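Try each task before reading its solution.

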Amino acid sequence: MNFTNFDLDQLFSMGDDSNPLLMIVWILPIILFVFYGQQIQLFVTSREIKKGLKKLDNFREESRTELINYVKNNLKVKNDPVKKIDKFLEYFTIMPVDMDPNGIVDKVHHTVRSREDYTRSHVKSLSPEMNDIELNKIQTLLEIASSLQMIYKIVNHMFLTAKKQNNYPLILPLQMLLPFIMEQAEAMIEAIPAFKSDQPVGDGIGPMVVGKMMLEHEKETIAFQTSLSKIDFEDRKLFLLKAEGPASTVGRPADGLEKIMSENKIDAIIMIDAALKMEGEDSASIAQGFGAAIGGIGTERFQIEAVATTNNVPIFSIVVKQSVKEAITLMTEDIADTAEIVRLQLNEMILENTKSGQSVVIIGVGNTSGVPQ
């Protein structure tokens, strides 16, 4: 058969508007999209979301299995821990009512601290002989597993609701947010090996810089899981503050700062932390700024800002930029290499912003897993 003489115009008689075959070819899709457009879009979008949901389901099961296996293989547990761990994974926190914002920070602070203390005491009940390093490690693994479980439940709920209502606009926000949710979930699942083996994560760059300065100096516990050293530098007194490593904890730097400032005259506060980079920015780039560099839900930052404001003390910050994944997975070589550069910038910042005889608090903010002092 010779296809070179194939004439599309002739087949559909495109020059003839009265051809019924041509009219059907053009009108049928229009009718389909007018009456079934939402269902078609819902079907296509559902396939993408189902793939994401399957991944999230695997992540939550993998994190739960990792936690159970770690507890069984590394702790002396008298009874099977599976039932207790499954109960921990279902814990939830109800945040205080914020219709009257007066005093809301104190209420949130109280709720979060109560939850931390409650979880810690119940994790300890798995094996009363476990030390604080193991306790913090299991608490971190539990946080990862419960977060992945909650993410899966929320995404699944939104997806099933949209499907049940056959409502395409309801599924649109989920489709737009899913890439960001998957990025967070993948980072969390990849963080498990680093926390299990007590290795530093990207978020630990602040404690790493301050921890190196504290080596070979006398340490004291200034607040819960928070360590303090006092050293001299260029005729200035430095108060070095970080979470107590190498356990997986962020400590309570705000409580430590409050205690230091209640007993000493402080002239400046400098905070060193990891910060999320914007798209297009290089990982491990360093920036300096003004204000309290600390993440979390905001209660620690509020407390630090309140103490600084009351005492009229400026807060300076140095941040090392990184992605979400880099912040909670094994610290990359590039980020670790910035520790010495940050140290030099810190020295310059102290000399530029304080005078001889003054005192400065240096806070290394972040998870100090695998970082001693």
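**Exercise 1.** Which residue just after α5 takes a positive phi?

Solution. The residue is Asn-166, with a phi of about 55°. Before going on, note that this is a predicted model, where local features need pLDDT of at least 70, side-chain atom pairs count only at pLDDT 80 or more, and totals for chains, interfaces and linings use all residues. Residues are numbered from 1 along each chain as its sequence is written, and side-chain values use heavy atoms, with hydrogens and water left out.

**Exercise 2.** Check the span of helix α5 (residues 132–165).

Solution. Start with the rule: the expected span is 1.5 Å times one less than the number of residues. For the 34 residues of α5 this should give 50 Å, and the end C-alpha atoms are 49 Å apart, which agrees. Now look at the start of α5: a side-chain oxygen of Asn-131 comes within 3.1 Å of the backbone nitrogen of Ile-133.

**Exercise 3.** Describe how α2 (residues 20–74) and α6 (residues 168–196) pack.

Solution. First, the axes make an angle of about 20° and are 10 Å apart. The two helices are therefore roughly parallel (angles under 35 degrees count as such). Next, by class, their contact has 14 nonpolar, seven polar and six charged residues.

**Exercise 4.** Is Gln-373 buried or exposed?

Solution. Locate Gln-373 in the segment after β7 (359–364). Its relative accessibility is 18%, so Gln-373 counts as buried (under 20% relative accessible area, with a 1.4 Å probe and protein chains only). Finally, the side chains of Gln-373 and Lys-242 are joined by a polar contact of 2.6 Å (a pair of N or O atoms within 3.5 Å, one able to donate a hydrogen and the other to accept it).

Key
Axes fitted to C-alpha atoms, helices over the stretch in contact; angles between N-to-C directions. Helix = DSSP H or I, 4+ residues; strand = E, 2+ residues; numbered from the N terminus. Parallel < 35°, antiparallel > 145°, perpendicular 65-115°, else oblique. Nonpolar A, V, L, I, M, F, W, Y, C, P; charged D, E, K, R; others polar. Buried < 20%, exposed > 50% of the residue type's maximum accessible area, 1.4 Å probe, protein only.
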